[in-house]
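Hello,

Here is the structure we talked about handing over. Please open it first, then read my notes below.

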Amino acid sequence: MATSMSCLLVLCLVCPLLAGVVRANPWYGLFPQFYDHSCPKAKEIVQSIVAQAVAQETRMAASLVRLHFHDCFVKGCDASVLLDNSSSIVSEKGSNPNLNSLRGFEVVDQIKVALETACPGTVSCADILALAARDSTVLVGGPYWDVPLGRRDSLGASIQGSNNDIPAPNNTLPTIITKFNRLGLNVVDVVALSGGHTIGLSRCTSFRQRLYNQSGNGLADSTLDVSYAAQLRQGCPRSGSDNNLFPLDVVSSTKFDNFYFKNILAGRGLLSSDEVLLTKSAETAALVKAYANDVHLFFQHFAQSMVNMGNIMPLTGSQGEIRKDCRRLNNDH
């Protein structure tokens, strides 16, 4: 018994160290050069189509980053989020976080068609999402990172997982941290990836409670800057106008920078899930301040956290399939 206890102790001490190794050096066979021989132009093709889409509409950069995020948080980064409804699939597109909100599917379709022409049956939809998220970030001024590749595509979807596992704007900070922890991500990942809100827009329905009834007492959220709240109320009334859009970063919503964190320090974070990073934990607040002060530190952490997120439970080897069309399984054709 004593021996097994001491073994357990050693294991407990080693586990966090091993976790660090897994994050930095995944054992799942993902690596940036995965397609160098089988589809040498893959990265170039993805980048070129993403660049066209973002040139047409800057907001698309944020949409493509979010698509990867909403994919990885449900059963891992396996392109399950791209599947449409079919006889065998209940699509994640109909979940609360995704309905009337998730976008960029047509850009993914366009990339897939180009890749199937160049290298049929080779590049997965899951890898398209990972590359498109990186390319989008770079195109609007954010950091570059090498994307580990070699993911395969799922044979199913989980609307239940999509409803339950994706962090929501009104989740408490402990709930958000738990949702990250369950997938092997830590508090640095929570704050760094929240910084993705330096670009993009959010719907009135995602933050309305902060303007009118944050704590059930009919009052606005006291952590929200008063003049900012007044400005938001003009386009986000007590009821209706659910889909009116507002910049997540009120200063520079089309540029990937660290104003998101500076805004939070000024009481001008849009979502409750943004504001709680400052007000509900000394650990997350210290990171918010560090990133507000040092854009290079934020970029470095964001890039690493995107790699960490991209490593969540990928299908590799002979698992899953390489979809010919990202919206349906190969046997559904």
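Which residues does Asp71 touch, not counting residues up to four places away in sequence? The contacts are Gly76, Cys77, Asp78, Ala79, Ser80, Val81 and Leu129. Bear in mind that this is a predicted model.

Binding-site annotation, part one. The unreviewed UniProt entry marks Asp71, Val74, Gly76, Asp78, Ser80 and Glu92 as "binding site". These positions are spread over 22 residues of sequence, yet they cluster in space, with a largest C-alpha distance of 13.2 Å.

Two of them in detail. Asp71 sits in helix H3, residues 59–72. Its relative accessibility is 0%, so Asp71 counts as buried. Asp78 is placed in the loop between H3 and helix H4 (105–118). Asp78 is also buried, because its relative accessible area is 2% and the cut-off for buried is under 20%. Leaving out residues up to four places away in sequence, Asp78 touches Asp71, Ala126, Arg152, Asp153, Ser154, Leu315 and Arg323.

Part two. UniProt also lists His197 under "binding site", again from an unreviewed entry. His197 lies in the loop between helix H8 (187–194) and strand E1 (201–203).

Is His197 buried, partly exposed or exposed? His197 has a relative accessible area of 24%, so it is partly exposed. Its contacts, without residues up to four places away in sequence, are Leu248, Asp249, Tyr260, Leu271 and Asp274.

Best wishes

Key. Residues are numbered from 1 along each chain as its sequence is written. This is a predicted model: local features need pLDDT of at least 70, side-chain atom pairs count only at pLDDT 80 or more; totals for chains, interfaces and linings use all residues. Side-chain values use heavy atoms; hydrogens and water are left out. UniProt positions are given in the numbering used here, feature names are shortened, and annotations may be inferred rather than shown by experiment. Helices (H or I, at least four residues) and strands (E, at least two) are DSSP runs, numbered from the N terminus. Buried means under 20% relative accessible area, exposed over 50%, partly exposed in between (1.4 Å probe, protein chains only). Contact means heavy atoms within 4.5 Å.
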